[in-house]
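Me: I have a structure to go through with you. Can we start with the terms and then work through the helices?

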Amino acid sequence: MNMDDVLQTFIAESRELLLQMEDALLQIEKSPQDLDTINGLFRVAHTIKGSAGLFGLMPIVEFTHVAESVLDRVRSLEVRVDEALSALFLDARDHIGQLIDLLAEDGNLDRLDEPLQVQRSEEHTSELQSPPL
């Protein structure tokens with residue numbers, strides 16, 4: 001099996017998962033306690049993180065891990081979903097999408113400007129790690 005083909009499959013599936021994530025986030029604004037939707041959001045993050053890990057795509061793995069951790073706290077009812085958290089997750093979805101787009105364009109994430117990547121990831125990560133309770 002050609003690794004380029006496998007990577008293209010990961011990119012396509014990640015984009016589909018990000019669309020599902022966006023739909024779920026819009027749904028959760030209407031029903032913030034819908035556990036099926038919350039579990040679906042968790043599965044999206046978990047799947048993208050795990051698949052990215054197979055390719056050693058650490059910027060995607062590390063960022064998505066933080067999102068996944070917050071979603072796990074939502075699932076365990078430690079954190080409640082509100083408008084601010086939904087907006088934050090829409091931003092996180094966009095950030096992951098930008099990483100996937102860069103991967104699709106270059107076939108790798110080598111072009112990431114390290115200081116910018118670290119700064120942007122730290123900004124998003126700190127926002128996600130301190131969700132409103």
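Reply: A definition comes first: angles over 145 degrees between N-to-C directions count as roughly antiparallel. Keep in mind that this is a predicted model.

Me: How many helices and strands does the protein have?
Reply: The elements run α-α-α-α-α from the N terminus on. The count is five helices and zero strands.

Me: How are α1 and α4 oriented to each other?
Reply: α1 covers residues 3-30 and α4 covers residues 83-106. Their axes lie 10 Å apart, at an angle of about 165°. The cut-off is 145 degrees. α1 and α4 are therefore roughly antiparallel.

Me: What is the handedness of the crossing where α1 passes α4?
Reply: The two helices pack at an angle of about 165°. The crossing of α1 past α4 is left-handed.

Me: How do the residues of the contact of α1 with α4 divide into nonpolar, polar and charged?
Reply: On α1, the contact residues include L7, F10, I11, R15 and E22. On α4, they include F89, L90, R93, G97 and D101. The contact of α1 with α4 divides into three polar, five charged and 14 nonpolar residues.

Me: What percentage of the residues of the protein count as buried?
Reply: Buried means under 20% relative accessible area. The protein has 133 residues, and the buried share is 41%.

Me: What part of the accessible surface belongs to carbon and sulfur atoms?
Reply: The accessible surface of the protein comes to about 7,400 Å². Carbon and sulfur atoms account for 50%.

Me: Among contacts between residues at least 6 apart in sequence, what percentage join residues at least 24 apart?
Reply: Contact here means heavy atoms within 4.5 Å. Among those contacts in the protein, the share joining residues at least 24 apart is 70%.

Terms used
Residues are numbered from 1 along each chain as its sequence is written. This is a predicted model: local features need pLDDT of at least 70, side-chain atom pairs count only at pLDDT 80 or more; totals for chains, interfaces and linings use all residues. Side-chain values use heavy atoms; hydrogens and water are left out. Helices (H or I, at least four residues) and strands (E, at least two) are DSSP runs, numbered from the N terminus. Buried means under 20% relative accessible area, exposed over 50%, partly exposed in between (1.4 Å probe, protein chains only). Accessible areas come from the Shrake-Rupley method with a 1.4 Å probe; for residues, only the protein chains shown count as cover. Axes are lines fitted to C-alpha atoms, for helices over the stretch in contact, and angles run from 0 to 180 degrees between N-to-C directions. Angles under 35 degrees count as roughly parallel, over 145 as roughly antiparallel, 65 to 115 as roughly perpendicular and the rest as oblique. A crossing is left-handed if the near helix is turned anticlockwise from the far one by less than a right angle, and right-handed if clockwise. Ala, Val, Leu, Ile, Met, Phe, Trp, Tyr, Cys and Pro count as nonpolar, Asp, Glu, Lys and Arg as charged, and the others, Gly among them, as polar.
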